[in-house]
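The sequence and the model come first.

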Amino acid sequence: MPEKNPRNRDHPARATEPPQNYPAPDGRTVWIELTAFQRDCLEAVTRLERTHIPAREPAIIDELERAYPNVTRTRLDPNLHVLVGHGLLEKRRLEAHRYVYPLTDDGRALLIQRAERLAVACEIGATDSDAVDSSARGTGENG
C-alpha cells in the first residue's frame, strides 16, 4: 500500500539530507535540516562549553541522558559526524581514539538564530530581559 503524502512533498532519501523545499538562502545549515537528536546534541555541546567542560563523547552522552536515558555511542557517533559535516561542530583529536567536539561559529550562529526566533514567537524582547535584569540587580543590591 503506498504511503500517503498529503502535502505532496518529496521525502528526503536519508535523514542527513535536507528537505528540498527549505533551502538556506546563504548555503548554511538551517534548523529544520537537523533531526531533534542532532539539535539536542548541539544544545548539549553548548551547555558543556558554558560550564567549561570539554565536549567529549562521554560528557555529551551524560548531558543527553536527561532527555534520552538510553543514548549510546552507536547513536551519538553518526549524529556528531553529520553535525561536523554541516560545519556546526569541529572534531579535534585529543589523543588516540579521543576527540572533542567544539561548536563552530556557524553552530553558535544557528543556536543564536533559533533562540532569537523563539524569543520573537514568545514575545520576549530585549526590553523584557533588560527589565528582568535591572529588577534582579535592584533586588540584589537592596536585599
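The structure holds zero disulfides, a disulfide being a pair of cysteine sulfur atoms within 2.5 Å. The model is predicted, so local features need pLDDT of at least 70 and side-chain atom pairs count only at pLDDT 80 or more, while totals for chains, interfaces and linings use all residues. Residues are numbered from 1 along each chain as its sequence is written, and side-chain values use heavy atoms, with hydrogens and water left out.

Burial is given by relative accessible area: buried is under 20%, exposed is over 50%, and partly exposed lies in between (1.4 Å probe, protein chains only).

| Residue | Relative accessibility | Class |
|---|---|---|
| Cys41 | 0% | buried |
| Glu57 | 10% | buried |
| Cys122 | 51% | exposed |

Of the 143 residues in the chain, 26% are buried. The accessible surface of the chain is about 10200 Å², and carbon and sulfur atoms hold 52% of that area; areas come from the Shrake-Rupley method with a 1.4 Å probe, and for residues only the protein chains shown count as cover.

The chain has five helices and two strands, arranged along the sequence as α-α-α-β-β-α-α. Both are DSSP runs numbered from the N terminus: helices are H or I with at least four residues, strands are E with at least two. Among contacts in the chain with a separation of 6 or more, 42% join residues 24 or more positions apart, where contact means heavy atoms within 4.5 Å.

The second largest pocket has a volume of about 220 Å³. A pocket is found on a 1 Å grid over the protein atoms alone, as an open set of points where a 1.4 Å probe fits, with protein on both sides within 12 Å along at least five of seven lines; lining residues have an atom within 4 Å of a point. Points are joined across faces, edges and corners, and the volume is the space filled by probe spheres set on them.

Its lining has 13 residues, with Glu57, Arg73, His97, Tyr99 and Tyr101 nearest the centre. Helix H2 (57-64), helix H3 (73-85) and strand S2 (98-100) each give at least two lining residues, and H3 supplies the largest share, five. By class, the lining has five nonpolar, two polar and six charged residues; Asp, Glu, Lys and Arg count as charged, Ala, Val, Leu, Ile, Met, Phe, Trp, Tyr, Cys and Pro as nonpolar, and the others, Gly among them, as polar.

Glu57 belongs to helix H2. Beyond its neighbours within four places in sequence, Glu57 contacts Arg73, Leu76, Asp77, Leu80, Tyr99 and Tyr101.
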